[in-house]
Amino acid sequence: MEKKYKNFKIVIKENYDSTSIVVADIIAGLVNAKSGGVLGLATGGTPVGAYKQLIAMQAAGKVDFSHVTCFNLDEYHPIAASNSQSYKYFMKDNLFNHININPANTHIPDGMAEDVQAECAAYEQKIAAAGGIDLQLLGIGSNGHIGFNEPASAFSRETNYIALEASTIEANARYFNSPDEVPKHALTMGIGTIFAARRIVMMITGAAKANIAEAAILGYISPQVPASILQLHPDVTFVLDADAAKNIIPRIT
Ligand code: PGA
């Protein structure tokens with residue numbers, strides 16, 4: 001199902017794999033349409049299927065990343081790039097090592113930066129120098145976060161250094177040996193940085209995300225649900241599987 005709702009598009013597919021294909025096609029479409037395009041990329045369980053699709057598409061000659069620049073949303077702090085739980089490692093393992101992107105064109109905040117404020121400012125400048133982000137891919141946390149912008153009393157503007165919520169540490173502990181090993185802080189693009197992307201695609205899958213998907217897409221716009229700000233973006237597509245969309249379907253059809 002594909003529906004224009006208010007000023008955004010909602011695409012609902014049967015399952016995780018068909019959702020991943022839609023997201024990969026949108027990303028490949030941008031890369032093929034604009035030589036030198038700038039992608040904003042995300043980590044987490046959600047985009048892995050789309051990355052697998054993109055790897056297969058590149059192997060089949062359907063997409064070429066050689067002129068692409070990309071910026072990831074966030075990174076833990078402190079964490080070494082060599083740590084298998086770092087987002088730098090994740091991106092290499094799940095995408096960059098398997099496509100023809102120039103490693104020099106892949107950017108992630110430095111999880112070992114000593115001066116975190118300087119690193120945040122430098123990251124903003126790098127995005128600006130690249131001409132801004134053409135297409136930003138997003139997942140959503142069960143608490144509504146985008147990047148690591150946790151529910152708060154205000155929307156953050158620029159890349160910033162944040163303390164992770166207990167629920168985020170708990171959600172991400174599945175990748176670590178214990179919750180104690182999850183870094184307690186992170187560097188993340190701000191809501192303003194994300195919102196400045198010319199186009200945004202948010203992928204949401206699984207029944208566990210059904211409530212937050214409904215709140216983010218159809219609920220009040222509030223910094224308590226950071227993703228809800230996307231309702232105001234001029235070019236946003238929400239791509240969901242049927243499980244994640246189960247509360248939304250009856251409200252938009
Ligand atoms: P997930 O994380 O894809 O692993 O559910 C999404 C997020 O926290 O943004």
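T69 sits in strand β4; helices (H or I, at least four residues) and strands (E, at least two) are DSSP runs, numbered from the N terminus. T69 is buried, with a relative accessible area of 16%. Buried means under 20% relative accessible area, exposed over 50%, and partly exposed in between (1.4 Å probe, protein chains only). Beyond its neighbours within four places in sequence, T69 is in contact (heavy atoms within 4.5 Å) with G37, V38, L39, N105 and H107.

The model is predicted: local features need pLDDT of at least 70, side-chain atom pairs count only at pLDDT 80 or more, and totals for chains, interfaces and linings use all residues. Residues are numbered from 1 along each chain as its sequence is written, and side-chain values use heavy atoms, leaving out hydrogens and water.

**Aromatic pairs**

- Rings of Phe, Tyr and Trp (its six-membered ring) pair if their centres lie within 6.5 Å; planes under 30 degrees apart count as stacked, over 60 as edge-to-face and the rest as tilted.
- By this rule there are seven aromatic pairs.
- The ring centres of F71 and Y123 are 5.8 Å apart and the planes stand at 80°, so this pair is edge-to-face.
- F71 lies in strand β4 (residues 69-72) and Y123 in helix α4 (residues 116-129), so the pair ties together parts 52 residues apart in sequence.
- Both F71 and Y123 are buried.
- Y76 and F176 also form an edge-to-face pair, with 5.7 Å centre to centre and 80° between the planes.
- Y76 is in strand β5 (residues 74-77) and F176 in the loop between α5 (166-172) and β9 (185-188), 100 residues apart.
- Y76 and F176 are both buried.
- One aromatic cluster is formed by Y76, Y87, F148 and F176.

**Nonpolar cores**

- A nonpolar core is a set of buried Ala, Val, Leu, Ile, Met, Phe, Trp, Tyr and Cys residues joined through side-chain atoms within 4.5 Å.
- The largest nonpolar core has 68 residues, of which L39, Y51, L54, M202, I217 and L240 touch the most other members.
- Helix α1 (residues 16-33) gives the most to this core, with eight residues.
- Leaving aside neighbours within four places in sequence, I217 is in contact with F8, I10, I204, Q231, F238, L240 and I248.
- Another core, of 11 residues, lies apart from the largest one; among its members are I169, A173, F176 and A186.
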